[in-house]
Amino acid sequence: MTSLVSLGASELARLVHTRQVSSREIIAAFLARIADRNPVFNAIVSQRPDEDVLREADEADALLARGGRVGPLHGLPIAVKDLSATKGLRTTFGSPILADFVPETDSILVERLRRAGAIIIGKTNTPEFGLGSHTYNPVFGVTRNAFDPSKSAGGSSGGTAVAVALHMLPVADGSDFGGSLRNPAAFNNIFGFRPSQGRVPSWPAADPFFSQLGTDGPMARRTEDLALLFDVIAGYDRRAPLSLEKPSTSYTNDRRPIGQPRIGWLGDLSGHLPFEPNILELCEAALKSTSTIGCHVDEVRPRFDFEALWKAFVVLRQFNLSARLKPLHDDPEKRALLKPEACWEVEGCLGLSAVDILAASQTRAAWYTEVLRLFDSFDYLAIPSAQVFPFDVNKHWPDEIAGRKMDSYHRWMEVVALATLSGCPVVNVPVGFSDGLPMGMQLIGRPRADGDVLALARAYEEILPFETGAPLVA
């Protein structure tokens, strides 16, 4: 019999709904996998007692047996990223300040997971307050790469990416401001989807009107599972005033053909971005292979000042993050417990004027106009998901790429800022390996064209010459 942990969420859901396999059997299989893999890789934290989780699995089986109404994730295990509030379950944000914090309410995302029938088994590890694309914190320690535990898992959804890649979870949620869905997905050979701005509502939020650069999204080994989880978490909620409605057609049922799409290859932005050797080559080879599914690829050189765009990203990030971090920074005792990068973000914000924020917003608006111009000629844009391969797990962050010094803790992730500032949907797709370490590529779609991006990812998945995730047998 096929190992249950080798299956994706969609196939497991079909087995549960047709009562070919019980939720208890599935939960027990994944708990055994976690017990085997997690002590080495440290992806899942704040894990609930097995007996409590199995009791909920029995309740899920009993409800199904009675003919009760069940959701699309009924009886399946999930762990929630440790930046999302879970009622009654410790939510630390990776910070010693909140090491014992137990929320009294669920986030919207968690509400929707529970309503869909998912069984929450714990949380997934994240860097402190999600800052940086390397998952380590003083509460739980470091999460290790699924392909080499001496390397970084990426972040901030590093725990999610590793848990999914190593078959400890069939699917899971992540979040993304500066590449936190895309970079760890690339580092661990899975798919990570950052939806259109506003498509997945966020609450609680420190500022529901200005905090629009971050979003939750799904991570999975299969695109079918991306669509399944996206279907669950997407859609308007009045507590998130700028959130978007979900289309009338389910993302899981949306099987639109891709036709013969035109893909614009952004490459290294005409030399603006440094890359480690073989990253661009892997992405270019992957793009070349898309000709077999009808894609046409051409290089494109946007007409934009990318140094100005990066500076705008830094300003808007500092402005957004400080809504949550400044109250902690204002308290000397709590400030002493903040990581230096968190203090750097707040102190940068304290030096900003309203004119600085306005100028950054105007630069972002100009970039959006340029993106729209590019989409007059192309259906999608493509660019690598990271500028480096997974690096030494003991290193805080890469301070140099191809001989070029990085001037901040996140400059090495600059490649992801373009899609973030556009608000467009973007998916990381795996492109292959160099010296055994994975890499991925971003496929960026038109504004609000989430279904189109998922359709291209689905078609691309069909031509992948390798399995996604990590080998089931280590």
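A: Start with a definition. Helices and strands are DSSP runs, numbered from the N terminus. One caution: this is a predicted model.

Q: Which elements each supply at least two residues of the negative patch?

A: In general, Asp and Glu count as negative. Here, helix H8 (279-289) and strand E10 (296-299) each supply at least two residues of that patch. Its members are Glu281, Glu284, Asp298 and Glu299.

Q: Is Glu281 buried, exposed or partly exposed, and why?

A: Buried means under 20% relative accessible area, exposed over 50%, partly exposed in between. Glu281 has a relative accessible area of 45%, so Glu281 is partly exposed. Glu281 is found in helix H8.

Q: Which residues form a nonpolar patch on the surface?

A: Phe209, Phe210 and Leu242 do. Together they have about 330 Å² of accessible area. Leu242 sits in the loop between H7 and strand E9 (262-265). Leu242 is partly exposed, because its relative accessible area is 39%.

Q: Now the buried side. Which residues of helix H4 are buried?

A: Helix H4 spans residues 108-115. Its buried residues are Ile108, Leu109, Val110, Arg112 and Leu113.

Q: What covers the buried residues of H4?

A: Look for contact, meaning heavy atoms within 4.5 Å. The cover includes strands E2 (77-81), E3 (119-124), E6 (171-176) and E8 (215-220). Helix H7 (223-233) is also part of the cover.

Q: Which residue just after H4 takes a positive phi?

A: Gly117 does, with a phi of about 95°.

Methods: Residues are numbered from 1 along each chain as its sequence is written. This is a predicted model: local features need pLDDT of at least 70, side-chain atom pairs count only at pLDDT 80 or more; totals for chains, interfaces and linings use all residues. Side-chain values use heavy atoms; hydrogens and water are left out. Patches are made of residues with over 30% relative accessible area and no salt bridge: like charges are joined within 9 Å, nonpolar side chains (Val, Leu, Ile, Met, Phe, Trp, Tyr) within 5 Å. Accessible areas come from the Shrake-Rupley method with a 1.4 Å probe; for residues, only the protein chains shown count as cover. A salt bridge is a side-chain nitrogen of Lys or Arg within 4 Å of a carboxyl oxygen of Asp or Glu. The place of a charge is taken as NZ of Lys, CZ of Arg, CG of Asp or CD of Glu. Helices (H or I, at least four residues) and strands (E, at least two) are DSSP runs, numbered from the N terminus. Buried means under 20% relative accessible area, exposed over 50%, partly exposed in between (1.4 Å probe, protein chains only).
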